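Student: Hi, could you walk me through this one? I'd like to start with the charged pairs, so please begin with what we count as one.

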Amino acid sequence: MLLRNWKKIVLLSLVVVFALGIAGFFFVRYLEHARLVNHGVTEELLPVVSVAEVADHYDAVVTGTDPEGIAAAISAARNGLKVLLVDGHDRTMLGGLMTVGGLNMIDLNYSPEQPFFLPQLREPKYLNEGIFQEWYDQFDGSAFDVNVAANVFYKMVKNEPNIDLLMETQAMSPLTDTQNERTTVTGVDLTLKDGSRKKVTTSAIIDATQNADVAAEAGAEFTLGREDIGDTNSVMASTLVFRMSGMTQEIWEQLGKHEDTGIDRMSVWGYKEAKEYESSDPSKVKMRGLNIGRQNDDTILINSMLLFDIDPLDPESIKQGIETGTAEAPKIVEFLKKRFPEMATLKYDGVASELYLRESRHLKAEYRLTLVDVMENRAHWDDVAYGSYPVDIQSTSDGRIGTVLMKPSQYGVPFRTLVPRTVDGLLVVGRSAGFDTVPHGSARTIPVGMGTGEAAGAALKLALNADMTLRELSGSEEQITALKKQLRKQGMNLSRPNLPEPEYTQHKDYAGMLVSANMYLTSGGYENDGWGLDGEANVQRFFNAVRVIRSLHPDFFPGEMQGALAGIADPATQQLSLETASGLIASALDLPVETGKATELLVADGWLQQDTLNRIADQEKLTNGDYYSLVGDLSRHFLPADTVEHPAQ
């Protein structure tokens, strides 16, 4: 009897467990399905109305209606300043690149401190917050519908009675004067939509145009593209976003099942095989993996077409780039439909009206953000925003492939990066602020730009109250403390956790690795584990590195390197010795050397440092770290010292 009851209990328990398992399986399936459902509603674009009459004077003029400019204008207005927000394009919506350009996926800056308990079911924490968070909270996912986003921006601007909005100006040029022997911006000369002219005086301009055009015309100094690392011929490739229609919930969930692909309700990222596309002209256009942003109708926007040889400062070159991309987009769509069965029923539905220009000018600011700032997660006394997005280096305008250099935890962006060295009455926000080309790969993101824009708007009020120039304010710890206090009051989060020092910074060859990374000779990837400092270096890789250095700095390295690998069978498998490395360097320098004497000559001539050689454990078998350190020695001759190794300030 007891045995029969025990068997019944066991059987019943198994049935219950089985039933719970089945229920749990379907519940998980339901949660996964619910996680991917877009509940957004399609909206008609609100008509954007410009101010009826532009005043003669404003406390602040913000040029550019990309998100950074909108944040700056709102911040200044909320601090009691009368603001003119003016756009210099034929745009009918606010948001610039993110809306008109169709770039509806956001490169988010996650806080290093995320929810611990059930993080998958909780909203992640982002850096900076403030006006960016106020805008971003209107959406449900990592991408957004462009009409909804533009409408939210417009409502935020129109809700500020201190902002006058002016769209579709034909031209805007700074007015300047000389004050205290310095060029000072005093206003802006506008050519309105109807062709009439209007001069407006102002206490300060915040330049939020993508290329910092107003600041450049005012006399602010910049480097262009990769000029700061010696590459005067290229910038990151541009992109023309294209659209596909016919998206359904079933197809969306199928997209997420593709190998090595991520998905949420509004974004899909992956599809690396898209780079197999055979371009009609590889010198002008190629494909990379897909970034797919969902809309609230049946369409998706795809950011993956790379356009080369486009001058971001030349309107005619940009026009030709749009024409090239427009012609290529339908061909790309046909390839995607054939290559990926889940896309077979989708249709081509046009392209964005503006190019995604990733890089152009970099401001020579009171402080330039460098790679070491990002690599070491540095804080600065005047940080007004933080970044954590990977250093994402896209392919260049001359066709060289890109890389994810590394992933920081949280680095600070100083207020001084917004302040031109040579012009007063002016701040620059957005991707053309004071960032070196390599850290720009992370700092160019929209959340960082909106954070610095918010700081810029608040700073104008403080400068006016204190009767200080913006440059004077940028050097005042008292005023920066007041600025941070005001930003926190506005809802910005300027807290910073105690972060452990990255492990790679303790390595004996870290300094050389930093220099090598700055020239894209090495990368750590998303996990910062790709540096290979203690891995064996091979002859081919070092030869390639020297050849890259030679191409960047031909004045220092006039040697042709013809025959430099003669006599070395399969150099990719040959371990690199110090003497072989020295011989390759000597070849690039065009120095005649006796066999076995290359290292001795390079030390004698100051190209290599004896201290560096003393740290090499085995001169017959160099590690990657050893070769990075040799590159570090060479760089002393052709890179400015503060490019990669200035102290935190």
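Tutor: Happy to. A salt bridge here is a side-chain nitrogen of Lys or Arg within 4 Å of a carboxyl oxygen of Asp or Glu. Please keep in mind that this is a predicted model.

Student: Thanks. How many salt bridges turn up in the whole structure?

Tutor: The search finds 25 salt bridges. One of them joins R91 and D66, with 3.3 Å between the closest N and O atoms. R91 sits in the loop between β3 (83-86) and β4 (128-129), and D66 in the loop between β2 (60-63) and α2 (67-78), so this pair ties together parts that are 25 residues apart in sequence.

Student: Are R91 and D66 buried or exposed?

Tutor: Both R91 and D66 are buried. They also belong to a network of salt bridges that links D66, D87, R91 and E354.

Student: Okay, what does R78 pair with?

Tutor: R78 meets E134 in a salt bridge, at 2.9 Å from N to O. E134 is in helix α3 (residues 130-136) and R78 is in helix α2, so the pair ties together parts 56 residues apart in sequence.

Student: And how accessible are E134 and R78?

Tutor: E134 is partly exposed, with a relative accessible area of 33%. R78 is partly exposed too, at 39%.

Student: What about D424, which residue does it form a salt bridge with?

Tutor: With R471, where the closest N and O atoms are 2.8 Å apart. D424 lies in strand β23 (residues 423-424) and R471 in helix α11 (residues 470-474), so parts that are 47 residues apart in sequence are tied together.

Student: Why does R471 count as buried?

Tutor: Buried means under 20% relative accessible area, and R471 has 16% relative accessibility, so it counts as buried.

Student: Switching to pockets: what is the volume of the second largest pocket, and which residues lie nearest its centre?

Tutor: The volume of the second largest pocket is about 800 Å³. It has 28 lining residues, and G88, H89, D213, I318 and E354 lie nearest the centre. E354 is also part of the salt-bridge network.

Student: Which elements each give at least two residues to that lining?

Tutor: For the second largest pocket, they are β6 (171-179), α5 (213-218) and α7 (315-339). By class, its lining has 12 nonpolar, nine polar and seven charged residues.

Student: How many cavities of 30 Å³ or more are there?

Tutor: The structure holds one, and the largest cavity has a volume of about 40 Å³. Its lining is made up of G102, L103, N104, M105, V241, N291, G293, L301 and N303. Both β15 (285-294) and β16 (299-307) supply at least two of the lining residues.

Student: How does the lining of the largest cavity split by class?

Tutor: The lining of the largest cavity has four nonpolar and five polar residues, and no charged residues.

Student: New topic. How far does helix α15 reach?

Tutor: Helix α15 (residues 578-589) has 12 residues and reaches 16 Å from its first C-alpha to its last, close to the 16 Å expected at 1.5 Å a residue. Its buried residues include L578, L584 and I585.

Student: What do the buried residues of α15 pack against?

Tutor: They pack against α14 (539-552), α16 (598-604), α17 (610-614) and α18 (624-635). Just after α15, D590 takes a positive phi of about 60°.

Student: What is phi at E168 and at D260?

Tutor: E168 has a positive phi near 60° without being a glycine, and it lies in the loop between β5 (163-166) and β6. D260, also not a glycine, has a positive phi of about 55° and lies in the loop between α6 (249-255) and β13 (262-263). E168 counts as partly exposed at 23% relative accessibility, whereas D260 counts as exposed at 61%.

Terms used. Residues are numbered from 1 along each chain as its sequence is written. This is a predicted model: local features need pLDDT of at least 70, side-chain atom pairs count only at pLDDT 80 or more; totals for chains, interfaces and linings use all residues. Side-chain values use heavy atoms; hydrogens and water are left out. On a 1 Å grid over the protein atoms alone, a cavity is a set of points where a 1.4 Å probe fits but cannot get out, and a pocket is an open set with protein on both sides within 12 Å along at least five of seven lines; lining residues have an atom within 4 Å of a point. Grid points are joined across faces, edges and corners, and a volume is the space filled by probe spheres set on the points. Helices (H or I, at least four residues) and strands (E, at least two) are DSSP runs, numbered from the N terminus. Ala, Val, Leu, Ile, Met, Phe, Trp, Tyr, Cys and Pro count as nonpolar, Asp, Glu, Lys and Arg as charged, and the others, Gly among them, as polar. Buried means under 20% relative accessible area, exposed over 50%, partly exposed in between (1.4 Å probe, protein chains only). The expected span of a helix is 1.5 Å times one less than its number of residues. Contact means heavy atoms within 4.5 Å.
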